[in-house]
Amino acid sequence: MPNLQQQILALFAECDDDLRAVIVDVIRFEQENIHLREPRYKTLIMEILDRVARQSSEEETHEA
Amino acid sequence: MKLERVLLYNFRQYFGEQKVRLSQDEQRNVTVFHGVNGAGKTSFFAAINWCLYGEGVEGIGQIISKEAVRRVEVGEEVITKVVVTFIHEGQRYVASRQLKGVKQPDGSIQERPDIEFILMRTSPSGATSRVANPIGMMNSILPANVRTYFFFDGEKIDNFARPEAAEEVRDAVRRVLNLEVLDRAKQHLASVAKELRSDLRSLASGELKKLVDQDVQARQREADLKKEQDNLRREIAAIERHIDEINQKLRDLEAVQALQRQYDLYSEQLRDREGDQKGLILRIRDLASQGYIILISNALAKAQAILDEKRQRGEIPSNIRQQFVRDLLDCKICICGRPFSENDDAYSHLLQLLKRAVPSALEDDVLTTSGALSSLRDRGQQLRQELNTAMAEKVRIEDQLNRTYAARDDIEQQMKGSQHGEASALAQRRDDYQTDLTKNRTELVRVEMQLEEVRKQITELEKQITLARKSERREQLVGRKLDLAQRSSDFIAQVLERFAEEKRQQIEARSRSIFHALAWKGEHFSDVRLTPAYQLEVIDRYGQSARPELSAGERQVLSLSFIAAMATVAEREAPLVMDTPFGRLSSAHRESIAAHIPDLASQLVLFVTDEELRDQALANLRPRIGAEYVLRFDSNTSCTTIDEVEV
């Protein structure tokens, strides 16, 4: 049986690549900061979204 | 995670360095620490928690060994350290936490706040590196909020079986199964999405589309005007060719040769004057583009007057620089060379001046502003003069042009009235062409002015479109990020609910089977339920809730079943480390648990008293014990030593 991390990642197998990239990175951040009552999440999540959005935009331009 | 070794150094009653190896054998997966009350079981248990998480030492007093403190001089440093080596997913980790303190004159220890926590990782190939984010890594291996379900005090775990414990049970499930991580991810993404939505609202405008439409229209207008300009230029060139041809013919006709020479002379003068007029118009335009300086002359004068007034009132630079006054005060010598002291009037006077003086930077700014105002006013006056001169020149040239045109028209009339039929006809035709030429040239000027205007408009639109494009690209990016954040949050919410329910059912089933194996009254209890509201229920053979009548030991067994169920369902590779697990259990439960508990985790570490693990319970556990230690407290030294028992 896969470990918990693998079970959780498997839950997102059906989403598109961009969504999965965001979710996996955000979950990793939340996991690493679970000991904090109020982690400073905004900047990091914004960075993840920005990176994935730009990458996806560049890929679309490249394909076009 | 499998614990491999633990090293204690000056940790509470463990003076000096003491090391133990924990069993990792799959079959003999149990490590037992025996110790009487006060021998140091809880301290050892706390040392592991403290090393890995920096927690779990509350209420156990001073961390640093008192014996170690006793042996150093006042002002000397004492170090306490715990090192835990463990294997996780094929890699060896060495966690080390160290605390330093300095001995005080009263014998106490002043702990230094900077506790050092280092996590080293060695891959199967032997490469060793320091983990950059040790807390984050520990949270990935066994999160801090989950460790209490794996490293726990056996006497206190009956909490889950209490009727009011639904909240604790739900928290435990959420933490052990990482549902809390998913829940936080969902909430944080939703919060970021909300912020992005607000950003997008401020960016979205449709401005770019409007500007592009205007740009398309302006460019079409430019193309139409350009076409009109080309047609007019062609038309003018054709007319000028016709006129040249007529001129040539008239020059060849002897009857009007003299008049034609006059005509040519005036035409040449007209060309020169018109060239001058064109240059002058460009000059006037250039001057007019700076006309704002003339328009703001009143405002400039007013600003200058305000500065002058403030200067007179002493509100701005007094022409005495602070630095100059300070230098005089420092060297105590007047500018006349006479020395003075702090008691002299001169000193008080300079202090007064210092108050009025201003920092050199402000003075420089004020002087620069005054200079700029003055320069602008001078430029305004000069501009006005230049414009007046140019306008007067324009009038003069126009006058000359009018007179030259009149003189040429006079010649033209004479030629048209010539007795020579051909010359008269040619002059008439030339006059007609001249009328058309004037009309077309006027039209060309109009078209060129419109063209210039539309080109300015296009340049301006291009600038606006560039700005709007930048804004729209940002709008698109924000929109894309918002979509990602919202969809991610929604997706996590959707799977979280399904995953939580699936896991709740699995924990319920597993708790049931473990409880039946551990509880000696197995037949009396027909079922164990974990309700959707996270109530941990035991149902008796009559179908009634048996929880209110559970003994303390049975509640402990139920809680243990629930914890073991969570651990197995979560498939977390983590040891069960239990302090006094059998303390409140009767012999039947001890024997049953001792027989089954090694199967509930990949590694089991037990801290037990000599009383709680003996006889049949110890016999049941014995085949699974891979390492065994006795904690011996020496009342002469107040220190504990760890003796290994041969297994």
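Predicted model: local features only at pLDDT ≥ 70, side-chain atom pairs only at ≥ 80, totals over all residues.
Residues are numbered from 1 along each chain as its sequence is written, while chains are lettered from A and ligands numbered from 1 in the order in which they are written.

Strand β1, residues 2-11 of chain B, pairs with β4(B) in the antiparallel sense over seven bridges, and two strands are said to pair if DSSP finds at least two bridges between them. Within that pairing, L3(B) has F86(B) in β4(B) as its bridge partner. The hairpin of β1(B) and β2(B) has two residues between the strands, and R12(B) takes a positive phi near 45 degrees in it.

Strand β9, residues 151-153 of chain B, runs parallel to β12(B) and is joined to it by three bridges, with D153(B) standing opposite D579(B). Strand β13, residues 604-608 of chain B, also pairs with β12(B) in the parallel sense, over four bridges, and L604(B) is the bridge partner of L576(B). β12(B), helix α15 (residues 587-596 of chain B) and β13(B) together make a right-handed β-α-β unit; right-handed here says that, with the strands pointing away from the viewer, the path from the first strand over the helix to the second runs clockwise.

For burial, C-beta atoms are placed from the backbone, and a residue is buried if 20 or more other C-beta atoms lie within 10 Å of its own, exposed if 12 or fewer, and partly exposed in between.

Turning to helix α3, residues 134-141 of chain B, the buried residues are M138(B), N139(B) and I141(B). Seen down the axis of α3(B), these residues fall within an arc of 160 degrees, so they line one face of the helix; the arc is that of the directions from the helix axis to the C-beta atoms. Their cover includes α2 (17-32) of chain A as well as α1 (41-53), β4 (77-88) and β7 (116-122) of chain B.

Now the core, meaning a set of buried Ala, Val, Leu, Ile, Met, Phe, Trp, Tyr and Cys residues joined through C-beta atoms within 7 Å. Which residues touch the most other members of the largest nonpolar core? They are V84(B) and M566(B), in a core of 124 residues, and the largest share of this core, 11 residues, comes from helix α14, residues 552-570 of chain B. A second, separate core of 10 residues includes L250(B), Y266(B), L426(B) and A427(B).

I507(B), in helix α13 (residues 421-518 of chain B), counts as buried because it has 27 C-beta neighbours inside 10 Å. Leaving aside neighbours within four places in sequence, I507(B) is in contact (C-beta atoms, placed from the backbone, within 7 Å) with V173(B), L530(B), A565(B), M566(B) and V569(B).

Finally, two loop residues of chain B deserve a look at the backbone. N178(B), between α4 (166-176) and α5 (179-203) of chain B, has a positive phi of about 65 degrees although it is not a glycine, and N178(B) is buried, with 24 other C-beta atoms within 10 Å. S638(B), in the loop between β14 (625-634) and β15 (639-645) of chain B, has a positive phi near 60 degrees, but S638(B) is partly exposed, with 13 other C-beta atoms within 10 Å.

How values were computed:
Contact = placed C-beta atoms within 7 Å.
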